[in-house]
Amino acid sequence: MSETKSISQQERVKIPRQKMPTQEASVRVRNFNEVALGYPEETAMREAARCLQCKRPKCVEGCPVEVDIPAFIERLREADLPGAVQSLKKDNNLPAICGRVCPQETQCEALCVLGKKGEPVAIGRLERYVADWDLTHPSPPPELPPPSGKKVAVIGSGPAGLTCAGDLARYGHQVTIFESLHAPGGVLIYGIPEFRLPKHIVHAEVNYVRSLGVEIRLNEVIGKTYTLDELLNEQGYDAIFLGTGAGLPMFMHIPGENYNGVYSANEFLTRVNLMKAYLFPNWDTPVKVGRKVAVVGAGNVAMDASRCALRLGADEVHIVYRRSREEVPARAEEVHHAEEEGIIFDFLTNPVEIYGDEKGWVRGMRCIRMKLGEPDASGRRRPLPIENSEFDMDVDMVIMALGTRPNPLVFADSGGLERTRHGTVVADERTGRTTKDRVWAGGDIVTGAATVISAMGAGKRAAADIDRFLRGEEAPVSRAEAAIRAGAS
Amino acid sequence: MYEIVAREELAPVTKLLEIRAPAVARKAQAGQFVIVRVHEEGERIPLTIADYDRERGTITLVFQEVGKTTMHLGTKQVGECLASFTGPLGLPSEIERYGTVLCVGGGVGIAPIYPIARALREAGNTVLSIIGARSKDLLFWEEKMRAVSDELIVCTDDGSYGRKALVTIPLKEMLEGGRSIDRIWAIGPAIMMKFCALTTQPFGVPLIVSLNSIMVDGTGMCGACRVEVGGQTRFVCVDGPEFDGHQVDWDQLLARQRIYLEQEKQALELWQHGHACGH
């Protein structure tokens, strides 16, 4: 270790970015085991040696939860793994998850100075290395301040909820998470597949949040089992954080969408990931897989769905996307992995109708070719259909991965929560305050479908603001409400 | 958690379980359902609430053993627990004072029609009821239904008890007889509800049905339960489970209920094999 410590800056710059070992594409398409295998110790130390320990580190600015990146890498370099874990977990309750699913290439690593001339430090891979070490060398949970006597209800146990709950517990508040499903983790459990984020990693990090004193109540649907107003007025909660994400699937509203064999990506992934349909019949939940599958959409969810379909035995899986390769919203690494595995990309193609057979099963899909026009509101060039370019795809299964919206169930019988026309909750970006007294919100329920880490950032900011409110440092005046009243929204 | 506090065999393949779930019982209303998972590796299945007792903090479920999961559920004894129990889900029945209402329960559908009939009676309606089953041994809750109905017709397909008829026969006779009926509820197998819809359509009496689609989460997240009602795709879990029976695309519903027929058979065989070997 002393060698790497004493080397010069020039020598550091010369070390190439260390590759992540992965399962061979031809092998991994037949299993659900993790694709990226993690750095071995030696590789991690070599990669850690590349960090220049900037005085004013840019990388930290790119992190929504502001992990002290140089500090944890420094500890790692000194082979002080417990110290590295401590530095990491000070700001991030879920590092083994973030090390796997964060889009580092557009966040911390995008700002790394090494990236200007060469390749940035592989911060995400180092984060994963340190966090994985922690999972096999568990340390006692951090000491907590004396109980504040305040109770907070966190709705949803996904990335936003877990982060918010963990931070609130560390501030000394009594936190209960309400989860509608039978397993905690939200999208980390039902959405992201095992081969990208093993579920034992999610369980371990959820258990870490539990170890901070957070109670998780499963199978309780807020809006049904209890309403928000009941939690505030009858169940004795002083504040609520809404982190229920964006769980409502979207469909295209084209003819034939209800034929057997047309799935929402949410249903397909929930069956496979949460319900473990890939282990059927040892597990009870089944899933159908076609011979030739079309996945409509090109986000990360579409990549996950297509790669699951392949692993479940489909002969051919197509990603059908109405824009071109340049506009693909999925992470570059996910697209790369999907292509390596043999997923076929049909760009500038849009379904117009799904055909069924006499028993109600999908037997084909009519599509139209598209071209790109002028940029639209999203800044991307608007896809336009090319007249008379329709053609038929021979598919027997279609998965709609068109994005998701917040589930309105949570708002039932509780007024005062301003929402946008997209169904998202209006909340102050810095604090998470909503228009409803004592209710905060963050993550996809506010932004619409986004990333795990941005949801965690929102959970963290809301926890800080809830803490200020509970300690009586600020009156419960909603900034979002003030903004709306002032006509600023 | 979710302990079974009472169990009854209503018929050779029809079981009743009363389950301790105070948070669910506190809010449950007629017409709603719960999602049940029998064991850790189990699937999530929707079951309509047959009764609830807020004081005891319990929910009563009645189900027919038709596949692996319901057979497994049927083996559960008093004192055992279910892996999960979520609810109450879906919208409650719209209970109002309509005047004269008719409640039709077929097979295992007699169970969910019971709390609806009771609630309608309590709301001041005259309640006429028809219950039916394939044969006498599959019939249950005749006395409970009689207690909440002003009139009760009992029939069996094979004539082994009560009148030998499908439930649609007395239904049609009542409507043809010029009996003034303001609203009808029909719950049972999809095919029975479809024929109740066809029977009542010409008479212009509103028909409410409770759809039994395949579900996963039961909260609007997956869309497995979607079905066209009045030309629009609706989610049974959050928009239902009750809909206008004259607007439902019954053939689509019936097709969608058959998606996993093959896998259901496979799971059932594995289960029966396991049991035959004494595992």
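**Notebook: chains A and B**

I began with one ion pair: the side chains of Glu234(A) and Arg26(B) form a salt bridge at 4.0 Å, N to O. I count a salt bridge when a side-chain nitrogen of Lys or Arg lies within 4 Å of a carboxyl oxygen of Asp or Glu. Between chain A and chain B I find five salt bridges.

The model is predicted, so I keep local features only at pLDDT of at least 70 and side-chain atom pairs at pLDDT 80 or more, while totals for chains, interfaces and linings use all residues. Residues are numbered from 1 along each chain as written, chains are lettered from A and ligands numbered from 1 in written order, and side-chain values use heavy atoms, without hydrogens and water.

**Interface**

Next I looked up the contacts. 42 residues of chain A touch 47 residues of chain B (contact: heavy atoms within 4.5 Å). The two chains bury about 3600 Å² between them, with 52% from carbon and sulfur atoms. Buried area here is the accessible area (1.4 Å probe) lost on putting the two parts together, summed over both. Which residues of chain A lose the most area to chain B? They are Lys224(A), Asn258(A) and Asp284(A), together 20% of what that side buries.

**Strand E1 of chain A**

I turned to E1(A), residues 151-155. Four of its five residues are buried (under 20% relative accessible area, 1.4 Å probe, protein chains only). Strands are DSSP runs of E, at least two residues; helices are runs of H or I, at least four; both are numbered from the N terminus. Two strands pair if DSSP finds at least two bridges between them.

E1(A) runs parallel to E2(A), residues 174-178, over five bridges. Ile155(A) has Phe178(A) as its bridge partner in E2(A). The chain gets from E1(A) to E2(A) through helix H12(A), residues 159-170, in a right-handed β-α-β crossover. Right-handed means that, with the strands pointing away from the viewer, the path from the first strand over the helix to the second runs clockwise.

E1(A) also runs parallel to E4(A), residues 239-242, over four bridges. There Val152(A) stands opposite Ala239(A).

**Sheet in chain B**

I then traced an open antiparallel sheet of three strands in chain B, ordered E4-E3-E7. E4(B) (45-48) and E7(B) (84-89) are the edges; each has a single partner strand, so one side of each lacks a neighbour in the sheet. The twist averages 25° from one strand to the next (axes fitted to C-alpha atoms, angles from 0 to 180 degrees between N-to-C directions). E3(B), residues 33-37, pairs with E7(B) over four bridges. Val36(B) has Phe85(B) as its bridge partner in E7(B).

Note on methods. Buried < 20%, exposed > 50% of the residue type's maximum accessible area, 1.4 Å probe, protein only.
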